[in-house]
Amino acid sequence: MAKLPSIQELVQSSLPRFPGATLEGTGWMRTKPAFTPGSYCYPAKLDTMKGLGMPNPHEWAPENEDWNLPQGWEKIIYKALEDRLKKYRSLQLFMDICVRCGACADKCHFFLGTGDPKNMPVLRAELLRSVYRKDFTLAGKLLGKVGGSRALDPEIIKEWFAYFYQCTECRRCSLFCPYGIDTAEITMIARELLHEVGLGIHWIMDPVSNCNRTGNHLGIQPHAFKEIVEFLCEDIEAVTGINITPPFNEKGHEVLFITPSGDVFAEPGIFTFMGYLMLFHEIGLDYTLSTYASEGGNFGLFTSSEMMKKINAKMYAEAERLGSKWILGGECGHMWRVIHQYMDTMNGPTPKHMTTPVSPITGTVFSHAASTKMVHIAEFTADLIKHDKLNLKPERNDDKIVTFHDSCNPARAMGLLEEPREVLRAVCNNFVEMPENTIREQTFCCGSGSGLNTDEIMELRMRAGLPRGNALRYVQQKNGVNTMACICAIDRATLPPLADYWAPGVTVTGLHELVANALVMKGEMPRTMDLRQEDLEYPDDVPEDDDNGDAQGEE
Amino acid sequence: MAFSLMAALGIGILAWALAALGLEMFVGFILPLTAFLVFLGGMIWRVTTWARVPVPFSIATTAGQQKSLPWIKPSHIDSPSTKIGVAARMGLEVLLFRSLFRNTAAQTINDEGGPKLVYWSSKWLWVFSLLFHYCFLMVFIRHFRFFLEPVPFFITWAEDLDGLMQIGVPRLYMSGAILLVAALFLLLRRLRDPKLRYISLPADYFPLFLVIGVALSGIMMRYWFKTDIASVKELIMGLVTLSPSIPEGVRGSVGGMFYTHIALVSALLIYLPFSKLAHSAGLLFSPTRNMPTNTREVRHVNPWNPPKKYRTYAEYEDDFRDAMAEAGLPLEKEPAPGLHEETAQ
Ligand code: SF4
Ligand code: SF4
C-alpha cells in the first residue's frame with residue numbers, strides 16, 4: 001500500500017478545486033478522471049462475473065485506454081436507463097427536479113475529503129443527468145451543451161465508474177436537499193448501468209458471489225463456520241468460565257439469529273459476536289444460528305436490486321425451513337437498510353408460521369416489526385435493559401471513554417438513534433457525543449461503505465473519512481475519548497484504520513462487545529479480562545480461597 | 001450565463017418592438033393565452049409522467065428517531081410513521097422549506113489541535129428562498145385585481161398588507177421589491193460561490209433573469225413608465241373572457257413596458273413545466289419525503305416485483321452435504337454412504 005499523506009497534507013489538498021470552470025457551468029465536462037494506482041477499486045474477476053450470470057462480462061482494466069466495452073454498449077446503457085426511468089419514480093423525479101441550489105454540495109464526505117467538485121452530490125448526479133437530458137428531454141436534444149446535455153461516449157462511462165464508486169450511498173445529501181433528492185439512489189442505478197456493460201468491482205462482486213454459494217460474503221463453508229464459532233466459544237470460556245454451545249441450523253427454535261459474517265471472521269467484530277452469544281446464553285434465548293443464512297450483510301445492495309433480492313431471499317427461506325417465529329438481526333448498517341426498506345417488499349410477505357416478534361424475556365411486543373418480523377439487536381437489548389433483565393457492571397468499562405458512531409443506514413434509513421445510546425449509557429459510565437453536525441441523522445460515513453472498504457484505495461478512504469476522523473479527533477483531544485462504539489460490521493472493519501490515521505489510540509468496538517464486558521453472567525468466574533483477553537483495568541474482586549483459577553485451567 | 005441574459009433580454013425587447021409595430025394583439029392576447037395553455041398542459045403532462053412511474057421501494061430518509069420501543073419518543077414529523085406525520089413533514093417542506101433550514105457550511109480552519117473541519121449554520125439560502133417564494137405568491141395574489149371584477153376583499157387586504165410601509169406614491173409594494181432583491185441574491189450567489197458557479201447551467205440563470213425581468217418591468221410600470229391601469233384591466237378582462245380588445249391606453253409603444261412584462265411572464269409560464277422549475281410540483285412526489293417510515297410494520301408493495309430467484313437450501317446442502325455431516329450439522333437428506341467417496345476419487 002502506498003504511503004499515506006500526513007493529516008496536514010491531506011487536509012490541505014482537500015480544499016475544493018474547480019478545474020476548467022466556465023460561466024456556462026459545463027466546464028466540468030472537459031475534465032477527466034485520472035486512473036492511477038490507488039485511485040480506483042480493482043475490477044471484478046471475469047469468472048466471478050460469469051459465475052453470477054452478470055451481463056457482458058469481459059476483461060478490462062481501469063488504467064487502459066480501451067475498456068473493451070461490449071458491442072452496442074451505447075444502446076445497452078440507453079435501454080437500461082430507459083427501463084429504470086419507467087421503474088423508479090425516484091430516478092425520473094431526481095433527474096427532473098434538481099435546481100442546482102448546491103445545498104447538498106458540502107454535505108458529502110467525499111467532496112469534503114477530496115475537494116474534487118465531481119464529488120459534490122449535485123455534480124455526481126449531473127454526470128448521469130447530462131446524459132439523461134440528451135436522450136430523454138426535448139430541451140436537451142434541442143439545446144445540446146447549452147442545455148447541459150452531452151452524448152454518451154466511453155469517457156463518460158469511465159467517469160461514471162470513477163465517481164459512482166466514490167459515493168458510499170450514505171444519503172447524507174438527501175437529508176439536506178430541499179426536494180429530498182437522494183444521490184445514493186442515483187448511484188445505485190448508475191452502478192446497475194455499469195454492471196449492464198460488464199463493469200463491476202472485485203470487492204463487491206466477490207462477496208456477492210461467495211454469499212450466493214456459501215451463504216456469506218467471506219465464503220466460509222458450513223463446517224468452517226461452525227468451527228470458527230466454536231473457537232469463539234472457547235474464548236468466551238477463557239474469559240467467563242462459562243461454556244456455550246450455540247445451536248446451528250436447528251429446527252423448532254423461536255428465533256433465528258442473523259448477523260454479518262464479518263462478525264465471526266475478524267477482529268474486532270468477533271468480540272461483538274461473542275457478546276451476542278453471551279447475551280443469548282445469559283437470558284436463555286431459544287434461538288439458532290444458520291450456516292445457510294450466515295450473512296446479514298448484502299452486497300447485492302451495491303450491485304443491483306435483483307442481486308439484493310436474490311441474496312436477501314435466504315433469510316425468510318431459512319426461517320421457513322427452520323420454523324423460526326421471528327428473526328433477530330445483529331449489528332450492521334447496510335444489512336439493516338435492506339431489512340428495513342427492501343426485504344419485506346422484495347421477499348415478503350413472510351412465511352405463514354412467522355409471528356410478530358415478542359421478547360420472550362420481557363414480553364414486549366415489537367409491533368413496529370409486525371410485518372417484516374425482524375428485530376434489531378439494539379432494540380432487543382435496550383428493551384432487556386429497560387426491564388432490568390440484565391445484571392450489568394458498567395464499571396468494568398470504566399477505563400473507556402466512549403463515543404458513538406451512527407452508521408449511515410441505521411441513522412438515515414431507519415431512525416435507529418436512541419436504542420444504541422440507551423444500551424451504551426447502561427453499559428459504560430463515560431459516554432461522550434461527537435459534535436452535533438456529525439452524529440444522529442447528520443452522521444458522517446466511515447468513508448468506506450457501499451463496498452468501498454477495499455485496501456487498494458486506502459488514501460481515498462482516509463479522505464472520505466475526513467469528516468468522521470475530524471470529529472473523532474476533536475472529542476479525543478477535548479474529552480479524552482479512547483473508544484468508538486458502532487453498530488455496523490463494515491464500520492468494525494473500516495474504522496480501525498480510520499482511527500489509526502485520524503485519532504491514533506482510539507479503539508473501535510461493537511456495541512455488544514461493551515454489553516458483554518459489563519454483563520454479569522450467572523455462574524461466571526470473576527472477570528479479570530475483557531473479551532479481547534486484555535487485563536481489565538477495573539477487574540472484579542476475586543474472592544479469596546476460590547478455585548475459579550483452577551476452573552479456568554481445566555477443560 | 002451570457003446566453004441566458006441575452007435570451008431573457010431578447011424576449012423583453014422583442015415584445016416591446018412587436019407591440020410598437022402594431023402587433024399588440026399577438027403580444028397581449030395570443031401569447032399570454034398560448035402560454036397559459038402550454039403551462040396548464042405542460043404541468044399536467046409533467047405530473048402524470050411522474051405519477052405514472054411506480055414507487056417500487058419505500059425509501060424515506062429518516063431525519064429523526066424511529067417509532068420502536070414504547071418509551072422511546074419517536075420523531076413524529078422528521079421520521080413519520082403515520083399518514084398525519086407524513087402530511088406534517090410535507091407541509092413543513094412545502095411551506096417552510098424544512099430541509100433547507102438544516103443547511104450548514106463546512107469550513108477548514110487551523111488551530112492548536114491542527115487542521116479542523118467545522119460546520120456553521122448557514123441559513124441565508126433558506127431566508128432568501130423563503131422570501132423569494134412568498135413574495136412571488138404575494139405578487140401573484142395581488143395580480144388577481146386584474147382578473148376579477150369586482151375585486152374580492154382579500155386582494156385589497158393583501159395589497160394593504162403589502163403596502164404597509166406607506167412609502168412613495170403610488171405605495172411601494174414590499175413584495176415586488178423583496179422579490180427583486182431575493183432574485184438578485186440568488187443570482188449573485190450563483191456567481192460568487194465557486195461551487196455554484198461550477199455547476200450553474202444556462203438553465204439555472206435563465207429563469208432568474210426572467211423573474212428579475214418580470215419584477216423590474218412590473219415595478220417600472222408602476223413607478224416610471226406609468227401604464228394606464230384601467231386599460232390594462234380592460235385588456236386582461238378581455239383575455240379572461242376571450243373577447244380580445246386592445247384599449248387605447250396600451251396601444252403601440254405607449255404600452256411597451258406592459259408588453260415586455262406580459263411577454264416575460266408568458267415565457268416563464270411556458271418554461272416552467274419543462275424545466276427544473278417543475279420542482280414546485282415535484283417536491284410533492286419525492287419518495288424520500290412523502291413516504292412513511294413504518295416499513296417494517298406495513299409491507300410496501302412493488303408493482304413490478306420480479307419473481308424470487310435464489311440459491312435454495314437444498315442446493316446448498318447438496319453442495320456441502322458431506323462436510324456438513326462430518327461437522328455434525330443437521331441435514332435434510334443424509335449423505336449416501338460410500339457414494340461420495342467413490343465419486344471423489
Ligand atoms: S440540494 Fe437537491 S436540488 Fe439542490 S443541488 Fe443538491 S440535489 Fe439539487
Ligand atoms: S450518498 Fe453520501 S457519498 Fe453519495 S453523494 Fe450523497 S453524501 Fe456523497
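## Reading the model

Residues are counted from 1 along each chain as its sequence is written, while chains are lettered from A and ligands numbered from 1 in the order in which they are written. Because the model is predicted, local features need pLDDT of at least 70 and side-chain atom pairs count only at pLDDT 80 or more, whereas totals for chains, interfaces and linings use all residues.

## Domains

Let's start with chain A, which is divided into domain 1 (7–200), domain 2 (216–386) and domain 3 (394–518); such bounds come from an automatic or database domain assignment. Domains 1 and 3 of chain A have C-alpha centres 29 Å apart. Between them, 19 residues of domain 1 are in contact with 24 residues of domain 3, where contact means C-beta atoms, placed from the backbone, within 7 Å. On the domain 1 side, helix H1 (7–12), helix H5 (109–114) and H9 of chain A each give two or more residues, and H5(A) has the largest share with five. Helices (H or I, at least four residues) are DSSP runs, numbered from the N terminus.

In chain B, the assignment gives domain 1 (2–97 + 189–285) and domain 2 (313–344). The C-alpha centres of these two domains of chain B lie 69 Å apart.

## Where the chains meet

The contact between the chains takes 103 residues from chain A and 91 residues from chain B. The chain A side has 47 nonpolar, 30 polar and 26 charged residues. In this scheme Ala, Val, Leu, Ile, Met, Phe, Trp, Tyr, Cys and Pro count as nonpolar, Asp, Glu, Lys and Arg as charged, and the others, Gly among them, as polar.

The C-alpha atom of Thr61(B) is 7.7 Å from that of Ser79(B), 18 residues apart along the chain.

## Around the ligands

The shell of ligand 1 includes Cys98(A), Cys101(A), Cys104(A) and Cys177(A), a residue being near if its C-beta atom, placed from the backbone, lies within 6 Å. By class, this shell has ten nonpolar, one polar and one charged residues.

Ligand 2 has 15 residues around it, of which Cys108(A), Pro121(A), Cys167(A), Cys170(A) and Cys173(A) come nearest. H10(A) gives the most to this shell, with three residues. The shell around ligand 2 divides into seven nonpolar, three polar and five charged residues.

## Buried parts

Helix H4 (residues 89–97) of chain A is largely enclosed by the rest of the structure, because nine of its nine residues are buried. The cover over these residues includes helix H3 (73–87), H6 and H10 of chain A, together with H2 and helix H12 (279–282) of chain B.

The largest nonpolar core has 237 residues, and Met274(A), Leu424(A), Leu210(B) and Leu268(B) touch the most other members. Such a core is a set of buried Ala, Val, Leu, Ile, Met, Phe, Trp, Tyr and Cys residues joined through C-beta atoms within 7 Å. Helix H11 (residues 256–271) of chain B supplies the largest share of this core, eleven residues. Among the contacts of Leu210(B) are Ala8(B), Leu264(B) and Leu268(B).

Notes: Two residues are in contact if their C-beta atoms, placed from the backbone, lie within 7 Å. A residue is buried if 20 or more other C-beta atoms lie within 10 Å of its own, exposed if 12 or fewer, and partly exposed in between; C-beta atoms are placed from the backbone. Lists of a residue's contacts leave out its neighbours within four places in sequence.
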